[in-house]
Amino acid sequence: MFIHLKDVSYTYNLNMPFETVALKGINLKVNRGEFIGIIGHTGCGKTTLLQLLNGLIEPTKGQIFIENIDIHKNKKKLKEIRKKIGLSFQYPENQFFEENIFKEIAFGPKNMGVAEEQLVQSVKKSLQMVDMDYQSFKDRSPFSLSGGEMRRVAIASILAIDPEVIILDEPTASLDPQSCSKLLSVIVDLYQKYHKTIIMVSHNMEIMAKLARRIIVMEKGEIIMDDTPRNIFQKSIDRLEDIGLSLPQVTYTMYKLKKIGKPVSSGILTVEEAKEEILKLVNENKK
Amino acid sequence: MMFFRNITIGQYIYRDSIIHKLDPRVKIITVILIITTIFLVNSWTGFFIIGFYLFINISLAKVHPKFVLKGIKPLLFIISFTLLIHFFTTPGDIIYRIWILNITREGIHRGLFISVRLFYLILSTSWLTLTTSPIALTDGIEKLLSFLKIIRVPAHEIAMMMTIALRFIPTLMEETEKIIKAQIARGADFESGNLVKRIQNFLPIIIPLFINAFHRADDLAIAMEARCYRGGEGRTHYRQLSINSIDHVFIIITLFILIVSYLWVV
């Protein structure tokens, strides 16, 4: 087991008039090689959870173990933790500050103590991972890029510290459809080609259904579901609707078809699966 | 990493109290009067009366005293520093000697006086900000400054800038915290190294913060222009300030207490 959260709670402004409970009694285990999607409403504690995962904030109650080490027992180890677990915040391009992309991406590895000679190598590698050309981009200003490119450079700047786990907080927020699908293919590559463990928050259920292997549903600071996408979108449709989360559009369409009595299987996640089911239905009707 | 969450100065807490209902102008004038008196009063009895008066004001505001005192915490260092400076540097009757430093009776006296003054200063200003919403505060300032319009002081513009500045303090703080966290996640270190190194370490925070702030300012300016904002002339207010009998009673009592505290020398 790689990451283990044991009975973790987090309260903002503890003992102040504006005290707010963000997380309560979270138990979570993450293994290497997983692709986890976290869904839930704004303010349900997703971002707080992500920050706990790489030791940016300390839980007000409970413990966080990474490779069986309680990360808040030894503060000096926190930097090592952050080297293993990379976190990309929402709108990560807001943290750009360097004059060119090379320096921007080299910031992380430099801080982590990577030697000067190896910096070129790690910048090259991380740009390659987000499918950008080293030679043509390295000297450009990060502020001169398009929205989608900025986002990918920002993610490359996290990849440069070579983390095993990559946490992405709404990576596709406010990107145009083309940049969005480009970024998603980068994320798929990170998971399949580079064998990174991915933890991702997104409001886009289509993306979640397609990419994630495990989905965690949060509500009011608690984990209320933790299962495979198929199980969640099959068994808990009503529950999801109750807390106001939408389903992927195809899943919803198929669910409605089933509800009016058509013999289709529920828990359809992709358009391909839906196509098969509908074709089957049409063919049966022909007979 | 909660860098800013402990700062309570300038925060507004809504309660249903007499103090919250007072006209902001009355409260601003009260604070100015209190501060003036604090620096005029020269007796412990006077300080005691003002202290009691502040205590009543804070209790009437229904804000927990603990919360008000929390605001003083960050300034404790400055208070104790001035206290010590006065202890050792005031000439007079030497009552204690440490190495080459002399503590004098006059030093203790003056040191304590100054500390109490600073303490009251913070107490009274946080009383004002805790009980007055930023909008009411700037409305009050605008009205109070409006007589300066005769000599072409742009009172409305000053108030507008203050409102905007106050409005963006929490936003910018939140953003700073987020940028700090993001850079820490990229291995930045803000806690070690010598002074030059530490200042350099702040560049990754300051630069993105400024860039974002300028973007925001730009957006805001465009949004204001899109809604035809063109300065204060002929502009009416949604909230009309009005001074009523409670305000009169409050200011009379305040004046009375402050004059007594000044004149009372036992």
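Trainee: At what angle do the axes of helix α7 (residues 134–145) of chain B and helix α8 (residues 155–185) of chain B cross?
Mentor: This is a predicted model. In it, the axes of α7(B) and α8(B) come within 9 Å. Their crossing angle is roughly 165 degrees.

Trainee: Is α7(B) roughly parallel or antiparallel to α8(B)?
Mentor: The axes cross at roughly 165 degrees. Angles over 145 degrees count as roughly antiparallel, so α7(B) is placed, relative to α8(B), as roughly antiparallel.

Trainee: How many nonpolar residues does the contact of α7(B) with α8(B) have?
Mentor: On the α7(B) side the contact is made by P134(B), T138(B), I141(B), E142(B) and L145(B). Residues of α8(B) in the contact include A155(B), H156(B) and M162(B). By class, the contact has 3 polar residues, 1 charged and 8 nonpolar.

Trainee: Does E106(B) count as buried, exposed or partly exposed, and why?
Mentor: E106(B) lies in helix α6 (residues 105–131) of chain B. Beyond residues up to four places away in sequence, E106(B) touches T90(B), P91(B), G92(B) and D93(B). Buried means under 20% and exposed over 50%; because its relative accessibility is 33%, E106(B) counts as partly exposed.

Methods. Residues numbered from 1 in each chain as written. Chains lettered and ligands numbered in written order. Predicted model: local features only at pLDDT ≥ 70, side-chain atom pairs only at ≥ 80, totals over all residues. Heavy atoms only, no water. Axes fitted to C-alpha atoms, helices over the stretch in contact; angles between N-to-C directions. Helix = DSSP H or I, 4+ residues; strand = E, 2+ residues; numbered from the N terminus. Parallel < 35°, antiparallel > 145°, perpendicular 65-115°, else oblique. Contact = heavy atoms within 4.5 Å. Nonpolar A, V, L, I, M, F, W, Y, C, P; charged D, E, K, R; others polar. Buried < 20%, exposed > 50% of the residue type's maximum accessible area, 1.4 Å probe, protein only.
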